[in-house]
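Have a look at it first, and then we'll pick out a few pieces together.

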Amino acid sequence: MTAAVDFRADFPVLRRVVDAGPLVYLDNAATSLKPQSVIDAMAGYYDSVSANIHRGKHILSEEASERFEQVRARIAARLGVPPRNIVFTTNTTDGINLVASGLPLTETDLVAIPLDAHHSAQLPWRERCRTVWLAASPYATVDEESFRAALDRSPRVVVLTAASNVTGHTADLDRLTAQAREAGAWTVVDAAQLAPHRLPRIGESVDALAFSAHKMLGPTGIGVLYLSDRLIEELTPSKLGGGTVDWADEHEFRLRRAPYRFEPGTPNISGVYGLGAALEYLDAIGEAELAARDQDLLTVLLAQAKSRPYLTVLGGLSDRDRLPVLTVALRGVPDPSTIARALSDSYGVMCRSGYFCAQPYFAAHGQTAGLRIAPYLYNTEGEIEHTFAALDELHPLLAERAR
Ligand code: PMP
């Protein structure tokens, strides 16, 4: 297996030294670092192409269009679907909003939403419909009994969190989407946290699946949305403009076929170049190797947390169906932002505190906030140990101060 050190040289930010010493970046669930190849691909677009796509017949425009569509085809192949079902968005939030605003729903319709859903996967629906919450079990993003009870109420849409950004737990997408489809619901999957670790093959019961490039080594401002053929038929594009119609006169216009009808205006072309390079980087490592590294990182995270009685791990200590994303509550420290600040300033450790846009989950579990430690392929076991040792030093001081 390749060690983290073999990847580290590819990530220029890791060369930074902060006041407290070498940078330890453990905020990957918020966004990942970018390898040099991604930065070069984006700069390369501006350096030597720079033209708009799809609308020109000159060499530069053709070159940009070709690369744009190549990246779409590569993503489609990795997800096991045709390119026409892949829409470029700006991020996961944009993708879920595109679906929520385009489906013909009324305020009496019911949408089932997991309690651990990110605000981006819940608020777009709560705006429009009634909500039935799916409780999280200690081992999964969705509790079985709660799921079955929700399906009995015939929701129009079932939202699923492929992997929680709080607990790292993953969902059994094939089984849950099949059950939801059988109950007559549209299935919408938030794969923002799963995609950096593995791109799922899209099962036949998935209607929509969204993720963001920036969490998987790619740039910000570019996202991916898969739409099933049956959903494409039902969805009204919420934004129209250049590129979305293939014909218009002063009375009427005709929408282009998918995916173009959902991609209005000039897209983030350099972002797509960057996403293409990120996919190439991840594909060169391979999913088996990524999974093995994730397992090693998760094992260290859980072992370190388990041996410290002052820490409570949200979502429990099981390593079953889980990614290396760990949120802890610290006894006697109601506001872990003080810890995150001190970790950064005194130890060079960047991790995140708060409720991570999953406030209903925290409220339901009697917590106000947590500290999230989220390593990725370039992090070492040593960095994780360093972070927990820092917590041992900081915790008594900050608990005393909070008293
Ligand atoms: N869903 C989950 C599970 C996430 O972790 C995030 C990002 N924290 C989002 C959705 C939203 O992603 P973005 O901000 O890229 O739209």
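## A strand, a helix, a strand

Start with a right-handed β-α-β unit, made by strand S7, helix H7 (residues 173-182) and strand S8. Keep in mind that you're looking at a predicted model.

The two strands of this unit, S7 and S8 (residues 186-190), pair in the parallel sense, with 5 bridges between them.

## Tucked inside

How many of the residues of strand S7 are buried? It's 5 of the 5 in residues 157-161, so the strand is largely enclosed by the rest of the structure.

In a regular strand, side chains alternate between the two faces of the sheet. You can follow that here: Val157, Val159 and Thr161 point one way from S7, while Val158 and Leu160 point the other way, and all are buried.

## Around the ligand

Now for the ligand. It has 13 residues around it, and the closest are Asn91, Thr93, His118, Asn165 and Ser212. Sorted by class, this shell holds 9 polar, 3 nonpolar and 1 charged residues.

Which helices each supply at least two residues of the shell? They are helix H4 (92-102) and helix H5 (119-126).

Terms used. Residues are numbered from 1 along each chain as its sequence is written. This is a predicted model: local features need pLDDT of at least 70, side-chain atom pairs count only at pLDDT 80 or more; totals for chains, interfaces and linings use all residues. A residue is near a molecule or strand if its C-beta atom, placed from the backbone, lies within 6 Å of it. Helices (H or I, at least four residues) and strands (E, at least two) are DSSP runs, numbered from the N terminus. Ala, Val, Leu, Ile, Met, Phe, Trp, Tyr, Cys and Pro count as nonpolar, Asp, Glu, Lys and Arg as charged, and the others, Gly among them, as polar. A residue is buried if 20 or more other C-beta atoms lie within 10 Å of its own, exposed if 12 or fewer, and partly exposed in between; C-beta atoms are placed from the backbone. Two strands pair if DSSP finds at least two bridges between them. A crossover is right-handed if, with the strands pointing away from the viewer, the path from the first strand over the helix to the second runs clockwise.
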